[in-house]
Amino acid sequence: MRRYAECVIDGRKDVRLLEVGYGLGVFAEESENIGTEEHVIIECHPKICAIAREKYKNQKHIKIFQGFWQNFNAEKCYNAIFYDSAVIGEDIDAVEELLQFIEFAMKNLLTDDGIMSFWYRGNKIDSRILDFLKKK
Ligand SMILES: C[S@@+](CC[C@H](N)C(=O)[O-])C[C@H]1O[C@@H](n2cnc3c(N)ncnc32)[C@H](O)[C@@H]1O
C-alpha cells in the first residue's frame, strides 16, 4: 500500500486524493504519512466509516463520504485517485466494476494531469483490464 500511495501522490505537494474503499485504512495511513492537501474517502460500510471518522476527526483535510462510489458526485478536481473496493466473496464481477469505475472517474473525477491506480487481486491480470487500458 505504501508503494501505491507513493505512485498516486508522486512527490506532489498539492495532492487532492480520492480513495475508494477504506477497509482497514492501510492505504489511507500510508498516504497521510506522505501528506495530502485534501483526502476524500468513499466508503459504503457504516461501521468502517465510523472508525475512519474517529481516527481522522482532528484532520480537517480528510473527509469521509459514506456511501457507494456509484452515488458519489463531485467535480473533476482530484489529481490522485486510488480504487480498492473489492470484497472477497462478494457476488459481483470485480473486474467489470473496476472498469466501470475507471470510466466514471476519468470522465467525472480525475483532473487531466491526475494519476489513478487500483488494487488488483490475483497473480495474472485479467485481459479485460489490459484491453480496456489499451483503448484509453
Ligand atoms: C479491501 S477493502 C479496502 C482496503 C484498503 N485499501 C486498505 O488499505 O485497508 C474494500 C473496502 O471497500 C468498501 N466498498 C466495497 N464496495 C464499495 C463501493 N461500491 N463504494 C464504496 N466502498 C465500497 C468495503 O466496505 C471495504 O471497506
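1. A word on terms before we start: helices (H or I, at least four residues) and strands (E, at least two) are DSSP runs, numbered from the N terminus. By that rule, Ala50 sits in helix α3, residues 46-55. Please keep in mind that this is a predicted model, where local features need pLDDT of at least 70, side-chain atom pairs count only at pLDDT 80 or more, and totals for chains, interfaces and linings use all residues. Residues are numbered from 1 along each chain as its sequence is written.

2. Let me stay with Ala50 for a moment. A residue is called buried here if 20 or more other C-beta atoms lie within 10 Å of its own, exposed if 12 or fewer, and partly exposed in between, with C-beta atoms placed from the backbone. Ala50 counts as partly exposed because it has 13 C-beta neighbours inside 10 Å. Its C-alpha atom is 9.2 Å from that of Gln66, a residue 16 places away along the chain.

3. Now to the ligand. Its shell has 20 residues, and the closest are Gly21, Gly23, Val26, Phe27 and Asp84; a residue is near a molecule if its C-beta atom, placed from the backbone, lies within 6 Å of it. Helix α2 (26-34) and strand β2 (38-43) each supply at least two residues of this shell. By type, the shell divides into twelve nonpolar, six polar and two charged residues. In this count Ala, Val, Leu, Ile, Met, Phe, Trp, Tyr, Cys and Pro are nonpolar, Asp, Glu, Lys and Arg are charged, and the others, Gly among them, are polar.

4. Helix α2 deserves a look of its own. As background, an α-helix has 3.6 residues a turn, so residues three or four places apart point the same way. After the helix comes Gly35, with a positive phi near 120°.

5. Also in helix α2 is Glu30. Glu30 counts as partly exposed because it has 17 C-beta neighbours inside 10 Å. Leaving out residues up to four places away in sequence, Glu30 touches Met1, Arg2 and Ala5.

6. How many residues of β4 are buried? Six of the six are, so β4 is largely enclosed by the rest of the structure. Strand β4 runs parallel to β1, with four bridges joining them, and two strands pair if DSSP finds at least two bridges between them. Val20 has Tyr83 of β4 as its bridge partner. Five bridges join β4 to strand β5 (residues 110-118), again in parallel, and Phe82 stands opposite Ser117 in β5.

7. The largest nonpolar core has 25 residues, of which Val8, Ile41, Tyr78, Ala80 and Ile81 touch the most other members. Such a core is a set of buried Ala, Val, Leu, Ile, Met, Phe, Trp, Tyr and Cys residues joined through C-beta atoms within 7 Å. At least two core residues come from each of α1, β1, α2, β2, β4 and α4 (94-108). Strand β4 gives the most, with five residues. Beyond its neighbours within four places in sequence, Tyr78 is in contact with Arg16, Leu17, Leu18, Leu109, Leu110, Thr111 and Gly114.

8. Two last residues to check. Asp10 has a positive phi of about 55° although it is not a glycine, and its place is in the loop between α1 and β1. Asp10 is partly exposed because it has 13 C-beta neighbours inside 10 Å. Glu103, found in helix α4, is exposed, with 12 other C-beta atoms within 10 Å. Glu103 and Phe132 are 29 residues apart in sequence, and their C-alpha atoms are 9.5 Å apart in space.

Key
Contact = placed C-beta atoms within 7 Å.
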